[in-house]
Amino acid sequence: MRFFVTGVGGQLGHDVLNELDRRGYEAVGTDILDEVKSQFPYVKLDITNETEVNKAIALIKPDVIVHCAAWTAVDAAEDPENQPKVRAINSEGTRYIAQAARTNDAKMIYISTDYVFDGTGERPWEPDDRNYAPCNVYGQSKLDGELAVSGILDKYFIVRIAWVFGKNGKNFIKTMLNVGKTHDEVRVVNDQIGTPTYTYDLARLLVDMAETDKYGYYHATNEGGYISWYDFTCEIYRQAGLSTKVTPVSTAEYGLSKAARPFNSRLDKSKLTENGFTPLPTWQDALSRYLKELEEQ
């Protein structure tokens, strides 16, 4: 199979290419950046340009498109001047890629988010839940992307993830490590509940999926139980050997976010095992491996 991977300058796209390399697949990576370090051919591409998307995918003729590219700056998405670009990337760009996938008879894997739901309650969201009500602009744009993919294609995987961390980019762990080294105390919210997702582990699952025709909606985060950001921070500092005091606060008390955040980011992942896929390892194990990876950089 030949793969076309978008967003290879980011955390997940970077790891997907590495996983494809490990398995000996052909691949072409793309991003909006002028260049990206890659073991595979790279094409600069603006996914909001329909003509360029069609041209690139027709030329590459992929069997599978893994669409990782997205606007992910959640707070910045709330700014009125940014919203047209957010929609262009997450909604329209995704639609262009889905249309090109259909024209070229390619499978498509679309990376989505728990933010497509309203984030209330305590019941874990199931992959086939349809009671959408995104609480912010970012979530709505990703939902629009989902609907474009499912409305255009038959051969698709829509994979919702949450609390992402990986080697190639910014993330919560890197931020908290930096803060922990310069502050005696940090305040972290304890009323937003979910599970982290290590892109190294997720990349393996995505390629596993691409090797099948078990299409549909899936949820994929690491195992290990549901936690708060406070719980996550405590474990980060424990494993990193930092003595920084972590103080739990409510979202209202924290009060810094421009965009509303979901309180319930619990994702039910049982559909993975039901369809024969190997779940991701526990987040505690993923964190341990990730911290070692950071040390080796």
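**Rings, charges and a helix**

Tutor: Let's start with a charge: the charged end of Lys271 sits over the ring of Tyr218, 5.1 Å from its centre. Keep in mind that this is a predicted model.

Student: And what sits over the ring of Tyr217?

Tutor: That's the charged end of Arg130, 3.9 Å from the centre of the Tyr217 ring.

Student: OK, on to ring pairs. How many aromatic pairs does a search of the whole structure find?

Tutor: The search turns up 18 aromatic pairs. One of them is Phe117 with Trp125, a stacked pair with 4.5 Å centre to centre and 5 degrees between the planes.

Student: Is Trp125 buried or exposed?

Tutor: Buried, because its relative accessibility is 4% and the cut-off for buried is under 20%. Phe117 is buried too, with a relative accessible area of 0%.

Student: What about Phe165 and Tyr198, how far apart are their ring centres?

Tutor: The centres are 5.0 Å apart and the planes are at 10 degrees, so that pair counts as stacked. It links distant parts of the chain: Phe165 belongs to strand S7 (residues 164-165) and Tyr198 to strand S10 (residues 197-198), 33 residues apart. Both Phe165 and Tyr198 are buried.

Student: Which residues do ring pairs link into a cluster?

Tutor: Phe165 and Tyr198 are in there, and the cluster also takes in Trp163, Phe172, Tyr200, Trp229, Phe232, Trp283 and Tyr290.

Student: Switching to helix H5: which of its residues are buried?

Tutor: In H5 (residues 172-182), the buried ones are Ile173, Met176, Leu177 and Gly180. Looking down the axis of H5, they fall within an arc of 105 degrees, so they line one face of the helix.

Student: What do the buried residues of H5 pack against?

Tutor: They pack against S7, strand S8 (185-189), H7 and helix H10 (283-296).

Student: And what caps the N-terminal end of H5?

Tutor: Asn171 does, with a side-chain oxygen 3.1 Å from the backbone nitrogen of Ile173.

Student: Last one: where is Gly241?

Tutor: Gly241 is in the loop between helix H7 (229-240) and strand S14 (245-249). With a relative accessible area of 63%, Gly241 is exposed. Its C-alpha is separated by 40 Å from that of Ile89, which is 152 residues away along the chain.

Terms used:
Residues numbered from 1 in each chain as written. Predicted model: local features only at pLDDT ≥ 70, side-chain atom pairs only at ≥ 80, totals over all residues. Heavy atoms only, no water. Phe/Tyr/Trp six-rings, centres within 6.5 Å; stacked < 30°, edge-to-face > 60°. Buried < 20%, exposed > 50% of the residue type's maximum accessible area, 1.4 Å probe, protein only. Helix = DSSP H or I, 4+ residues; strand = E, 2+ residues; numbered from the N terminus. Lys NZ or Arg CZ within 6 Å of the ring centre and 35° of its normal. Arc of directions from axis to C-beta. Contact = heavy atoms within 4.5 Å. Polar contact = N/O pair within 3.5 Å; in protein donor to acceptor, adjacent residues only side chain to side chain.
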